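Hi,

Here is the structure I promised to send over. Have a look at it first, and then read my notes below.

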Amino acid sequence: MVTAREFRALAEAHRRALARLTQRRGAVELKALYDRATAEMMRKLRASTRHLGTDAFTSHQARMIVAQLREGERILAGKMAGELKGVAREAQVEAATRIISDIEKLEPLFDGAGVRVQVEQAARFAGLRDDPKRSILREKRVEAEVEEERLVRIGETVPRRIENTLARYSLDTIEKMENNLALSVLENETPLAAMDRLEDFVDGEWWRAERIVRTETSFAYNSEAAATIEEAAEEVDELLMMWSEHADDDGTPLDDRVAVDSLAMHGQCVEPGQPFFCPSVSLQPTMDGKTQVPSSLAGEWFEAPPNRPNGRETVVAWKRSWGIPGWRWSGGRRVWIVKPE
């Protein structure tokens, strides 16, 4: 039987891997891209307004600036999407590799070779591992019919999510920039002051972009972990998926960053391919005493973590025979499959 310490160590390894990806590859590298792109955008805007002198900024001038902002934001969103797709591809490969390794360690009779081949094939067709020598295979779509369902799941859904999310972010940012320029007009600011206001806004907006980076990387990692468990379940009887947070077996949080919704879902097990449910109350309180889940999350179903921005939850493989506490949501309540000691 698997010890709780062994199982928790594997779950924590997933969290560390995801944190490394979001921090090193995501937050740090995309922050550098964001800074370069926004600095260039502001440089061009300042150059275009330099000739306007010290007269009050006008609505006509604001409309001209907005046109330039739209182009600048379009370029920025495109660059960020390209980089973030690369981070997501890395996250997917890392998740699949770790899930297969976990099951091999916990289930002695499991030979992960077959699942590993399926993952590698799907990764090639989806462009998750760019190997020039295999480009002909991608063009011919060898075994495409077999991999079609998975290709849609990991090859198209994640990149499309990233594109759509960044497109919405770009539109929202432009709207806020327009509002800042409108304030400059109303307050009779000079063009220079208007650009200063705009630059202050841009400098303070990275947190929203960073949240997207963290959320989409987490979704890529966990949706691929779920897909890999689903494939492994064809070879491993009674294999389930578990929603795992940084908490003990009974749901006690292990640090003060664990939110109440995370505790409410921690340890929940579902059939591969099925969604997770968020109860309205957690079994254990957070470190600041909360047990009630916000209404925006309670009662919702989630394909995979995260269920909100900046979540640290991961999907891991689970079996009753491993003896690790886990529960199902059934008949409107938690039903323990394996109870905590």
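This is a predicted model: local features need pLDDT of at least 70, side-chain atom pairs count only at pLDDT 80 or more; totals for chains, interfaces and linings use all residues.

Let's start with strand 1, which covers residues 240-244. Is it buried or exposed? Mostly covered, as it turns out: five of its five residues are buried. If you look at the side chains, L240, M242 and S244 point one way from the strand, while M241 and W243 point the other way. Both sets are buried.

Now for the neighbours of strand 1. Strand 5 (residues 314-318) pairs with strand 1 in the antiparallel sense, over five bridges.

On to the rings. A pair of aromatic rings is described by the distance of the centres and the angle of the planes. How many aromatic pairs are there? The count comes to six. One of them is Y34 with W206, a tilted pair with 5.2 Å from centre to centre and 50 degrees between the planes. Y34 lies in helix 1 (residues 4-49) and W206 lies in helix 7 (residues 206-232), so this pair ties together parts that are 172 residues apart in sequence. Y34 and W206 are both buried.

Here W243 comes back. Its ring pairs with that of F276: the centres are 5.2 Å apart and the planes are at 70 degrees, and angles over 60 count as edge-to-face, so that is what this pair is. W243 sits in strand 1 and F276 in strand 3 (residues 276-277), so the pair ties together parts that are 33 residues apart in sequence. W243 and F276 are both buried. There is also a cluster to look for: ring pairs link W243, F276 and F302.

Last, two places where a charge meets a ring. Which ring does the charged end of R161 sit over? That of F219, at 3.7 Å from the ring centre. R334 lies over the face of W327, at 5.0 Å from the ring centre.

Cheers

Conventions. Residues are numbered from 1 along each chain as its sequence is written. Side-chain values use heavy atoms; hydrogens and water are left out. Buried means under 20% relative accessible area, exposed over 50%, partly exposed in between (1.4 Å probe, protein chains only). Helices (H or I, at least four residues) and strands (E, at least two) are DSSP runs, numbered from the N terminus. Two strands pair if DSSP finds at least two bridges between them. Rings of Phe, Tyr and Trp (its six-membered ring) pair if their centres lie within 6.5 Å; planes under 30 degrees apart count as stacked, over 60 as edge-to-face and the rest as tilted. A charge sits over a ring if NZ of Lys or CZ of Arg is within 6 Å of the ring centre and within 35 degrees of the ring normal.
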